[in-house]
Amino acid sequence: MKLALFEGQRRAPAPGLQGQCPSCGAPVMAKCGNYKIWHWAHKTREHCDPWWESEGEWHRSWKDRFPQEWQEIPHQSSTGERHVADIRTPAGLVIEFQRSTIHPDEVLARQAYYAKMIWVIDGCKNEFDPINFSNWRSQPNEHGLAQFAVFGRSKLFERWHTEKPVFIDFGKAGFWRIAHYNPKTKRGVALIVDKEAFVRIAGSGSTDFSGQGGPASPL
Ligand SMILES: [Zn+2]
């Protein structure tokens, strides 16, 4: 994680520091090496949040598009279940940045836990996905909507076939909201989204993007 409690304040790691996990309260050590991104790690075990994913540049640069006060926000449900949201805006919208593949049950569990949430997926984890997506889609129309059809074995759209809003970051191939996807016909509709505008709108509290639902929502 990027932020731990140190002398009562949430702060980024620096060499030699020992802090406290904002979620479980356990001691955490600043890990400031040359190979992995600087982070805080629990001293005695894995991260206390089983949903936590080890972070790289992609995660960190997305989080840093939002104010630090909105980053890595601990949550506790009425049953005492604790998780840390990547971003939680003042309006209560949770944004989860996801690079690794997670089990469909965990997708559903996270959606149920946070309720008001959206997914931002790293579409560049498989190097062929951005190239393929560019080849599979039409030119966006005047509203930014493009049709696409999946050929071959990519499971990216099946994996994120869900009723919460899904945005896929294809890097140079663009940032897209998957408006709809049909796993039977392997066809879908995507909307090209400007990243800066997305960050501004997500942070504004004016919408939680739920109006149009996710790729699995009825058209
Ligand atoms: Zn912890």
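These legends describe close-up views of one predicted model. Local features need pLDDT of at least 70 and side-chain atom pairs count only at pLDDT 80 or more, while totals for chains, interfaces and linings use all residues. Residues are numbered from 1 along each chain as its sequence is written, and side-chain values use heavy atoms, with hydrogens and water left out.

**View A. The zinc site.** Cys21 (SG), Cys24 (SG), His42 (NE2) and Cys48 (SG) coordinate the zinc ion at 2.0 to 2.3 Å. Donors are N, O and S atoms within 2.8 Å of the metal (3.2 Å for Na, K and Ca); water is not among the atoms, so sites may look incomplete. The 4 donor atoms subtend angles of 106 to 114° around the zinc ion, which makes the arrangement tetrahedral (four donors, all angles between 85 and 135 degrees). Along the chain, the donors have the spacing C-x2-C-x17-H-x5-C. Cys24 sits in the loop between β3 (18–20) and β4 (27–31) and His42 in strand β5 (residues 39–42), so this pair ties together parts that are 18 residues apart in sequence. Helices (H or I, at least four residues) and strands (E, at least two) are DSSP runs, numbered from the N terminus. His42 is buried, with a relative accessible area of 8%, whereas Cys24 is partly exposed at 31%. Buried means under 20% relative accessible area, exposed over 50%, and partly exposed in between (1.4 Å probe, protein chains only).

**View B. Arg60 in helix α1.** Arg60 lies in α1 (residues 57–63) and counts as buried, at 10% relative accessibility. Leaving out residues up to four places away in sequence, Arg60 touches Met1, Lys2, Ile37, Trp38, His39 and Glu55; contact means heavy atoms within 4.5 Å.

View C. Beyond its neighbours within four places in sequence, Phe157 contacts Phe133, Trp136, Phe148, Val150, Ile168, Phe170, Ile178 and Tyr181.

View D. Asp129, Pro130, Phe133 and Trp136 are the buried residues of α3. They cover an arc of only 135° around the axis (from the directions from the helix axis to the C-beta atoms), which puts them on the same side of α3. Their cover includes β10, α4, β12 and β13 (187–192). Phe128 and Asn135 are exposed on the other side.

Technical notes
Four donors count as tetrahedral if all angles lie between 85 and 135 degrees; four count as square planar and six as octahedral if opposite donors are over 155 degrees apart and all others between 65 and 115; anything else is irregular.
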